[in-house]
Amino acid sequence: MKNKTTYIIDDDKLSIKLMSMLISKNKFCEEIVSFHNSQIALNELAKNCDKPSSLPDVILLDLNMPILDGWQFLDEFIKLPIKKEIAIFIVTSSIDPSDIEMVKKYDIVKNYIMKPITAQKLEEATLLIA
């Protein structure tokens, strides 16, 4: 298994629960850490920048969140001096063409996944993880 730890960053508790269940069932990773607030997730990443073993291998990131939305999270994330490659997947219910186009501006984003996440979408994500 290439993916040891996955962060789920989503303000919707039901989405986190459903994604967690699917991830566990499909053995996508060993550990799931969820955040209802992207600022807290960003703080955790910043705190562990120099500790690769304490960083996730994958981040599943929602776009539409209060406090710090997915785009703001990405803008702050790329400023962090992280020395580990972390695969980021946008997992959102947004079908806005401008969101789909905007994601192309972020090289760190591996893919744009439409909710609900399914076993097939999870399998496709696994193939994109370095």
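Reader: What kind of sheet is it, and in what order do the strands come?

Author: It is an open sheet of 5 strands in the order β2-β1-β3-β4-β5, and the pairing is parallel. Keep in mind that the model is predicted.

Reader: Which are the edge strands?

Author: β2 (31-35) and β5 (109-114), each of which pairs on one side only.

Reader: How much are neighbouring strands turned against each other?

Author: By 20° on average, with direction ignored.

Reader: How many bridges join β1 to β3?

Author: There are 4, between β1 (residues 5-9) and β3 (residues 58-61). Threonine 6 has valine 58 in β3 as its bridge partner, and tyrosine 7 stands opposite isoleucine 59 in β3.

Reader: And β3 to β4, how many bridges there?

Author: Those parallel strands are also joined by 4 bridges. Valine 58 turns up again here, standing opposite alanine 87 in β4.

Reader: Which way do the β3 side chains point?

Author: Val58 and Leu60 point one way, while Ile59 and Leu61 point the other way.

Reader: What does threonine 6 touch?

Author: Leaving out residues up to four places away in sequence, threonine 6 touches Ile23, Phe28, Cys29, Glu31, Ile32, Val33, Val58 and Leu60. Val58 is on that list and is the bridge partner as well.

Reader: Change of topic, helices. Where does α2 lie?

Author: Helix α2 (residues 38-47) lies across β1, β2 and β3, and runs at about 150° to β1.

Reader: What about α5, which strands does it lie across?

Author: Helix α5 (residues 119-128) lies across β4 (87-92) and β5. Its angle to β5 is about 175°.

Reader: Now the surface. Which residues make the nonpolar patch?

Author: Leu14, Leu18 and Met21 make a nonpolar surface patch of about 310 Å².

Reader: Where is methionine 21 placed?

Author: Methionine 21 is in helix α1 (residues 13-25).

Reader: Why is methionine 21 called partly exposed?

Author: Because its relative accessible area is 48%, and partly exposed covers what is in between the 20% limit for buried and the 50% limit for exposed.

Terms used
Residues numbered from 1 in each chain as written. Predicted model: local features only at pLDDT ≥ 70, side-chain atom pairs only at ≥ 80, totals over all residues. Heavy atoms only, no water. Patch = residues over 30% accessible without salt bridge, like charges linked within 9 Å, V, L, I, M, F, W, Y side chains within 5 Å. Areas by Shrake-Rupley, 256 points an atom, 1.4 Å probe, with all protein chains shown as cover. Salt bridge = Lys/Arg side-chain N within 4 Å of Asp/Glu carboxyl O. Helix = DSSP H or I, 4+ residues; strand = E, 2+ residues; numbered from the N terminus. Buried < 20%, exposed > 50% of the residue type's maximum accessible area, 1.4 Å probe, protein only. Pairing = 2+ DSSP bridges. Axes fitted to C-alpha atoms, helices over the stretch in contact; angles between N-to-C directions. Contact = heavy atoms within 4.5 Å.
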